[in-house]
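Me: I would like to learn how to read helix packing from coordinates. Can we start with a loop residue and work inward?

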Amino acid sequence: MFKLYNAKFNTSHVTAEGIGKTYDFGKPSEEILELQAKTQRDIDGVEVSVSEWDYSPGNFSLMGWKNKDDAKMKELIWAIEQSGGFYCDDRTRFDKDWSKGEYDPGGALHFPKELFTNIELVKEVIDFKVFAVGIDRMEYIAAQTKQEALEDHLTRADYEEDELKDVLVSEVPLNSVWDIEQESGGYKEMTIEEYLQDFNYEKPTVIGADN
């Protein structure tokens, strides 16, 4: 399962040197580190929604913030993008996509837990994963375990008895990017992690299949 919290950024102390130490490789230039430090200090006290996942216990994933803080959060995320993100050195496209509500970071934005205060648990959410299940034509099933996904798949599949041993079940990585159909119409590129953050079902559910 994962947990949703309300929290405040506690970032007035952040320095470029401190951010630099968080990079194992691909450390940005000093100029970019200074920009990231400044934008983190600027969001000190900003109230946000964050999530905590079992696979990353030392970090919170950013989920949302209040409209009044959008300008500060935009500059923070722009600075993060300069570390080699999809919008690196492309402010025009970044501004355009942000203004249209089409900005996509290509993955969750993680921050160390020590950068937050006033942390309040909102709710705990059942931890679904996505599994590819099948032989030739795979179904993609959101479930808690491989066994649940397999059992759900078998309620629809019509296999001969000697084929059952050939049924494959594999977990889809959380950072896999899919085109997910939106309730409002059309499709949006999302990681599996982003999709599951809004997943409200309480039982195994087919979310896609090979053609």
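Me: Where does K100 lie?

Reply: K100 sits in the loop between α4 and β4. Helices (H or I, at least four residues) and strands (E, at least two) are DSSP runs, numbered from the N terminus. This is a predicted model: local features need pLDDT of at least 70, side-chain atom pairs count only at pLDDT 80 or more, and totals for chains, interfaces and linings use all residues. Residues are numbered from 1 along each chain as its sequence is written, and side-chain values use heavy atoms, with hydrogens and water left out.

Me: Is K100 buried, partly exposed or exposed?

Reply: Buried means under 20% relative accessible area, exposed over 50%, partly exposed in between (1.4 Å probe, protein chains only). K100 has a relative accessible area of 48%, so K100 is partly exposed.

Me: Which residues of α3 are buried, and what covers them?

Reply: An α-helix has 3.6 residues a turn, so residues three or four places apart point the same way. In α3, the buried residues are M73, K74, L76, I77, W78, A79 and E81. Their cover includes β1 (2-9), α2 (30-42), β3 (59-65), α4 (91-99) and β4 (110-112). Contact means heavy atoms within 4.5 Å.

Me: At what angle do α2 and α3 pack?

Reply: Axes are lines fitted to C-alpha atoms, for helices over the stretch in contact, and angles run from 0 to 180 degrees between N-to-C directions. Under 35 degrees counts as roughly parallel, over 145 as roughly antiparallel, 65 to 115 as roughly perpendicular and the rest as oblique. α2 and α3 pack at about 155 degrees, with axes 9 Å apart. They are therefore roughly antiparallel.

Me: Which residues meet there?

Reply: I32, L35, Q36, T39, Q40 and D42 of α2 meet K72, E75, L76, W78, A79 and I80 of α3. By class, that contact of α2 with α3 has 6 nonpolar, 3 polar and 3 charged residues. Ala, Val, Leu, Ile, Met, Phe, Trp, Tyr, Cys and Pro count as nonpolar, Asp, Glu, Lys and Arg as charged, and the others, Gly among them, as polar.

Me: How do α3 and α4 pack?

Reply: Their angle is about 140 degrees, with axes 12 Å apart. α3 and α4 are therefore oblique to each other. D70, M73, K74, E75, I77, W78 and E81 of α3 touch R91, F94, D95 and W98 of α4. The classes are 5 nonpolar, no polar and 6 charged.
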